[in-house]
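I opened this model to look up a few helices, a core and some ring pairs. My notes are below the structure.

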Amino acid sequence: MRFDILHRFFGSGPDTLYYVFEPHFAELSERFGDGSTDCAHNEFINYLVTQGALGLVSYIGMMGSAIFSGLKTAKKEPITLVFISAVICYLAQSVVNLYNPIVTPYLFIFLALTEAMTRGAKKASL
């Protein structure tokens, strides 16, 4: 499947990686045996294909923003390092894994805690 410019920016849609790679399964099964997959087992590649370049940039931007603002806050509130560490660990495992319903909510909890500490530190300094 060749992506036009619209699909490159916005992707093929959530959980559609199977349909994007389905035309290549015959060739892949010759090389690797009979089997197929419905995800990339790399969260960033999966976001790139299914959510497009804008979705991936937004996702990475949200994570990067939380990490960098949390690092600035950590000088005043060291507990923020715990929350940032959880986010970084999640991102590290997402290179070889895919999001799942058990772990992903914790990512957003730690992102929210990082943001809460950052906003609390900003209010305290005013």
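**Ground rules.** I am working with a predicted model, where local features need pLDDT of at least 70, side-chain atom pairs count only at pLDDT 80 or more, and totals for chains, interfaces and linings use all residues. Residues are numbered from 1 along each chain as its sequence is written, and side-chain values use heavy atoms, with hydrogens and water left out.

**Helix H6.** I started with H6, residues 104–125. Helices here are DSSP runs (H or I, at least four residues), numbered from the N terminus. I checked the length of H6: its 22 residues should span 32 Å at 1.5 Å a residue, and the end C-alpha atoms are 32 Å apart, which agrees. The expected span is 1.5 Å times one less than the number of residues.

I then listed the buried residues of H6: Thr104, Leu107, Leu111, Thr114, Thr118 and Ala121. They lie on the same side of H6, because they cover an arc of only 115° around the axis. That arc is taken from the directions from the helix axis to the C-beta atoms. Buried means under 20% relative accessible area, exposed over 50%, and partly exposed in between (1.4 Å probe, protein chains only). On the face turned away I found the exposed Arg119, Lys123 and Ala124. The cover over the buried residues includes H4 and H5 (80–93).

**Threonine 73.** Next I looked at threonine 73 in H4 (residues 43–73). Threonine 73 is buried at 5% relative accessible area. It touches Thr80, Met117, Thr118 and Ala121, not counting residues up to four places away in sequence; contact means heavy atoms within 4.5 Å.

**Core.** I found twelve residues in the largest nonpolar core, including Leu56, Tyr59, Ile84 and Leu107. Such a core is a set of buried Ala, Val, Leu, Ile, Met, Phe, Trp, Tyr and Cys residues joined through side-chain atoms within 4.5 Å. H4, H5 and H6 each supply at least two of its residues. The largest share, six residues, comes from H4.

**Rings.** How many aromatic pairs does the structure hold? I counted four. Rings of Phe, Tyr and Trp (its six-membered ring) pair if their centres lie within 6.5 Å; planes under 30 degrees apart are stacked, over 60 edge-to-face, the rest tilted. Phenylalanine 44 and tyrosine 59 are tilted, at 6.3 Å and 55°. Phenylalanine 83 and phenylalanine 110 are also a tilted pair, with centres 6.2 Å apart and planes at 35°. Phenylalanine 83 lies in H5 and phenylalanine 110 in H6, so this pair ties together parts 27 residues apart in sequence.
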